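Please walk through this model with me, one element at a time. We start with a sheet, move to a helix pair, and end with charged side chains.

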Amino acid sequence: ARSTLEARRQDQGGDVALKVLNASLAHKVGFRERFLSEANLGMKLKHPGIVRVLDAFEAEDTLVVAMELVQGSTLQDLVARSGPIPWARARAGFDQLLDAVQFAHDHRVVHRDLKPDNIMVRADGSWAVLDFGIAKDLAGSNQTMVGHGLGTPNYMAPEQANGAATVGPEADVYALGMTLYRLVAGRLPWLPGVPLSELLALKARGGHEPPSTWYPGVPDWVDAAVLSAIQPDP
């Protein structure tokens, strides 16, 4: 597929980021059509806070997404290196994130897998969301649940984990709330390594400790906004 990929790179005017999918997924019933449809949807979202999907195509019996190449690091890596980020520092970037997600919702697109790994912090300090409009059971990550409700367990809304037929913008609000929790507290409401069944029960029950429990200095109103976003009732 090298010649095909090189031709696509030239078509896009230079270097791009490529996501090459497991070939076995391309043969699932309806997968190819859904993948191409959702990738095309992602191409229509033109916003500075959304990493552009530039192309989707087949090469040597597998599916490939070409995306805008972003120089920087993920929010997940940033928090892992630095620990909690004070709200005063995080606010400008998170405002950009909110604006990008609102733009997508205004265009009737729900991300369904918002998390720190899908948020890029560019070299200039701006934030951008990855993977809008791309099917979420194709990443090959052991953190992505397949066939049980698309998304990542720590960040997905309870109704999404239950495999709700229709997952609306409320699920993105939940994931944003959990992302902000991780950002300002440096951790999630539960300890790492919680078994999946216990994690889903915790999320369904709600009543989590506020972020300030783990990192004093989080403003009261940020605590309240986070807890409102991650309540189990959509």
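Begin with an open sheet of three strands, in the order β4-β5-β6, with antiparallel pairing. Two strands pair if DSSP finds at least two bridges between them. Helices (H or I, at least four residues) and strands (E, at least two) are DSSP runs, numbered from the N terminus. β4 (72-74) and β6 (127-129) stand at the edges; each has a single partner strand, so one side of each is left without a neighbour in the sheet. On average, neighbouring strands of this sheet are turned by 30 degrees against each other, direction ignored.

The model is predicted: local features need pLDDT of at least 70, side-chain atom pairs count only at pLDDT 80 or more, and totals for chains, interfaces and linings use all residues. Residues are numbered from 1 along each chain as its sequence is written, and side-chain values use heavy atoms, with hydrogens and water left out.

Look at one pairing in detail. β4 and β5 (residues 119-122) pair in the antiparallel sense over three bridges. Ser73 has Val121 in β5 as its bridge partner. Helix α4 (residues 87-106) packs on the sheet and touches β5 and β6. Contact here means heavy atoms within 4.5 Å. The direction of α4 makes about 30 degrees with that of β6. Axes are lines fitted to C-alpha atoms, for helices over the stretch in contact, and angles run from 0 to 180 degrees between N-to-C directions.

Helix α4 has a helical partner too. The axes of α4 and α6 (residues 169-185) come within 12 Å and cross at roughly 165 degrees. That makes α4 roughly antiparallel to α6, a label for angles over 145 degrees. Which residues meet? From α4 they include Trp87, Phe94, Leu98 and His105; from α6 they include Pro169, Asp172, Leu180 and Val184.

Now turn to the charges. How many salt bridges does the structure hold? There are four. The term requires a side-chain nitrogen of Lys or Arg within 4 Å of a carboxyl oxygen of Asp or Glu.

One of them joins Lys19 to Asp131, with the closest N and O atoms 2.8 Å apart. The pair links distant parts of the chain, 112 residues apart: Lys19 is in strand β1 (residues 17-20), and Asp131 is in the loop between β6 and α5 (158-161). Are these two side chains buried or exposed? Lys19 counts as buried because its relative accessibility is 19%. Asp131 counts as buried at 9%. Buried means under 20% relative accessible area, exposed over 50%, and partly exposed in between (1.4 Å probe, protein chains only).

Arg122 brings us back to the sheet. Its side chain meets that of Glu68 in a salt bridge (3.7 Å, N to O). This pair also links distant parts of the chain: Arg122 sits in β5, Glu68 in the loop between β3 (62-67) and β4, 54 residues apart. Arg122 counts as buried at 18% relative accessibility, whereas Glu68 at 26% counts as partly exposed.

Arg91 and Asp95 form it, their closest N and O atoms being 3.9 Å apart. The two are four residues apart in the helix, so about one helical turn separates them. Arg91 is partly exposed at 40% relative accessibility, and Asp95 is partly exposed at 36%.

Last, find Asn22 in the loop between β1 and α2 (31-43). Asn22 is partly exposed, with a relative accessible area of 48%. Asn22 and Val64 are 42 residues apart in sequence and 9.5 Å apart in space, C-alpha to C-alpha.

Note on methods:
Parallel < 35°, antiparallel > 145°, perpendicular 65-115°, else oblique.
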